[in-house]
Amino acid sequence: MVRRKSRSETKMKTALRLSSFTRQLHSRSPPRAAAFNQILTSLAKAKRFPAAISLCAQTESRGDVIPCHVTLTILINCFCHVGKVALAFSVFGKFLKRGLPYDAVTLNSLIKGLCLDGAVLSALKFYEEMAAEGFEFTEVTYGTLINGLCDVGKTEAAIRLLRMIQACVVNVKPNVIMYSRVIEGLCKEELVNEACEWYYEMVANNVEPNVFTYRPLVRALCVAGRLDEAIGMVEGMVWKGVYIDVYVFSVLIDALCKKGMVVEAREVFDEMIKRGCEVNVVVCSALMAGYCSKNEVDEARRLFDAVVRWPDVWSYNVLMNGYCKVRRLDDAMKLLNEMCVKGVVPNVVTYNLLVDGFCKCGMVAYAWRVVKAMCESGVAPDAATHSILLDGLSKTQRLDMAVVMFNQLLKRGVELDVWSYSILIDGCCKNQRIGEAMNFLKEMHFRNLVPHIVTYTALINGLCKSGRLLSAWRLLNELHDNGPPPDIIAYSTLLIALCKSERLDQAIFLFNQMIRRGLAPDVWSYTILINGLCKSERIDEAVKLFKEMHLKNLVPDSITYLCLVDGLCRSGRISYVWQLLNEIHGNAPPPDVVNYIDTLCTDMHLHSKCLASAYC
């Protein structure tokens with residue numbers, strides 16, 4: 001078995017060659033060009049580019065060695081690697097001036113240098129100029145250009161170049177690197193279907209994909225929610241015998257966990273270990289986050305203790321989030337102490353998770369203690385910290401304290417964001433302090449902060465609760481012309497208020513206005529209006545809306561059914577319930593609705609007959 005040379009051995013050998021060459025420079029017999037090129041090559045391979053450039057300058061100034069085309073090519077390569085492409089081209093000028101031969105290696109170095117410098121279009125232009133002179137380029141040239149184009153987001157240009165290679169270049173065929181870079185570029189642009197087409201073309205052309213081909217594909221499919229296809233792609237890797245690295249495993253585990261498939265994610269994790277893949281903190285954190293999303297924090301902790309050798313702040317934050325989510329704040333505080341003992345420095349996210357946990361439990365005083373400890377440790381609270389505290393005060397009926405804190409932060413020059421203002425506006429609206437809420441909105445505009453639709457929805461809700469429905473409607477209309485366009489939630493908020501105040505005609509008008517403005521009502525919007533119509537004994541209109549839902553493929557939920565059933569029963573039309581179900585067969589009501597109807601039906605013969613026909 002041949003032993004590979006270590007990096008230290010290579011460096012030592014290069015140093016010895018350089019020392020020997022320096023002695024020759026000062027001797028009477030100057031070194032030959034071959035020896036000079038050898039030492040330059042050694043320096044370039046060791047990535048000691050400045051040393052190689054300096055050595056060339058010394059020999060050229062002394063006239064000890066006359067540079068040949070090999071010397072100049074090495075010098076071009078060195079200049080390109082240190083980002084001095086202009087000097088590399090000045091060296092290329094010496095080729096032209098002296099009539100020295102240059103080859104693909106020389107030109108490839110210049111093209112690569114331009115690409116590394118971000119001047120990919122200049123590299124492409126230089127390639128075109130040299131190709132026009134009849135120079136034949138190699139696979140390396142085209143791979144460099146495609147790589148450079150994809151790096152700067154010009155995937156379409158890379159595709160054109162690849163197609164040109166297929167059609168016009170006889171001595172070059174697209175290889176796995178070219179295909180993989182194009183696929184990666186398409187995946188970055190979220191063109192997943194196109195990326196998959198290139199993958200299938202690649203396989204059809206007998207170019208074997210490698211792990212770098214699969215990496216972006218698996219990730220893009222997972223991000224697009226096409227998990228089954230991503231799993232199929234990984235299974236294809238197994239079938240082809242392609243090495244599956246920790247990146248592919250971590251992407252798949254993360255996607256499975258986000259989909260709630262934690263058991264399947266654990267199976268993939270176990271398979272990864274079985275294959276001898278080195279487990280890192282990233283993949284462990286992904287699986288821990290999956291367990292925490294299912295409130296299985298103890299399982300996440302067991303995984304953390306068993307597998308994570310060198311935990312970082314992010315892996316601890318995953319556990320911190322899990323403990324805070326299930327309100328195990330004592331364990332969360334112990335975790336903070338453990339971090340400090342193990343030398344892992346908590347960051348602003350760590351402290352914000354704790355502050356949020358205490359605030360959600362109504363323990364705002366404890367949250368303030370965490371903020372104090374945060375400041376003492378040298379971590380400055382950010383906008384999220386302030387928003388969490390403001391929200392905690394507002395939700396524990398301490399709105400005045402929240403306003404005082406808000407004003408103090410402003411006096412201290414703290415930059416407060418849209419969410420800080422939105423929290424206070426929502427708090428003021430819920431306490432029917434609409435004037436203060438409107439003042440905060442004006443202040444947002446003064447500070448050039450663009451309110452979110454959530455901000456306006458809170459205002460609309462506040463105006464509705466204070467009986468100012470006309471003002472709420474006016475604000476909703478203004479948003480279409482000047483502001484973030486209203487969403488379904490904003491419309492539904494006003495719709496609820498109109499139905500509660502028995503302004504059904506206005507509610508229907510608003511519902512239709514929403515549709516005219518391009519917003520498709522959801523199940524909740526229909527349910528609000530159906531409930532309002534039923535309570536006003538406008539049953540036929542409610543039934544019409546109910547049928548309309550089915551025509552639009554909206555599946556009513558239990559609340560929709562119960563609202564309509566109650567309305568029909570109060571109007572003495574209980575038998576019509578089953579007739580209605582016969583008309584819309586194919587979408588059976590939830591079991592709790594069937595049980596509810598059953599208790600209302602006194603005529604069991606009618607019930608069983610209609611029930612049987614409804615589900616035929």
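## Basis and terms

Axes are lines fitted to C-alpha atoms, for helices over the stretch in contact, with angles running from 0 to 180 degrees between N-to-C directions. Helices are DSSP runs (H or I, at least four residues), numbered from the N terminus. The model is predicted, so that local features need pLDDT of at least 70 and side-chain atom pairs count only at pLDDT 80 or more, whereas totals for chains, interfaces and linings use all residues. Residues are numbered from 1 along each chain as its sequence is written, and side-chain values use heavy atoms, leaving out hydrogens and water.

## Packing of H21 and H22

Helix H21 (residues 364–376) and helix H22 (residues 383–395) have axes that come within 10 Å and cross at roughly 165°; the two are therefore roughly antiparallel (angles over 145 degrees). In contact (heavy atoms within 4.5 Å), Val364, Ala367, Trp368, Val371 and Met374 of H21 meet Thr385, Leu389, Gly392 and Leu393 of H22. These contact residues divide into seven nonpolar, two polar and no charged, where Ala, Val, Leu, Ile, Met, Phe, Trp, Tyr, Cys and Pro count as nonpolar, Asp, Glu, Lys and Arg as charged, and the others, Gly among them, as polar.

## The second largest cavity

A cavity is a set of points on a 1 Å grid over the protein atoms alone where a 1.4 Å probe fits but cannot get out, and its lining residues have an atom within 4 Å of a point. The second largest cavity is lined by Phe36, Cys56, Thr59, Glu60, Pro67, Thr71, Leu72, Leu75 and Lys94, with helix H3 (49–62) and helix H4 (69–81) as the elements that give two or more residues. By class, this lining has five nonpolar, two polar and two charged residues.

Methods: Angles under 35 degrees count as roughly parallel, over 145 as roughly antiparallel, 65 to 115 as roughly perpendicular and the rest as oblique. On a 1 Å grid over the protein atoms alone, a cavity is a set of points where a 1.4 Å probe fits but cannot get out, and a pocket is an open set with protein on both sides within 12 Å along at least five of seven lines; lining residues have an atom within 4 Å of a point.
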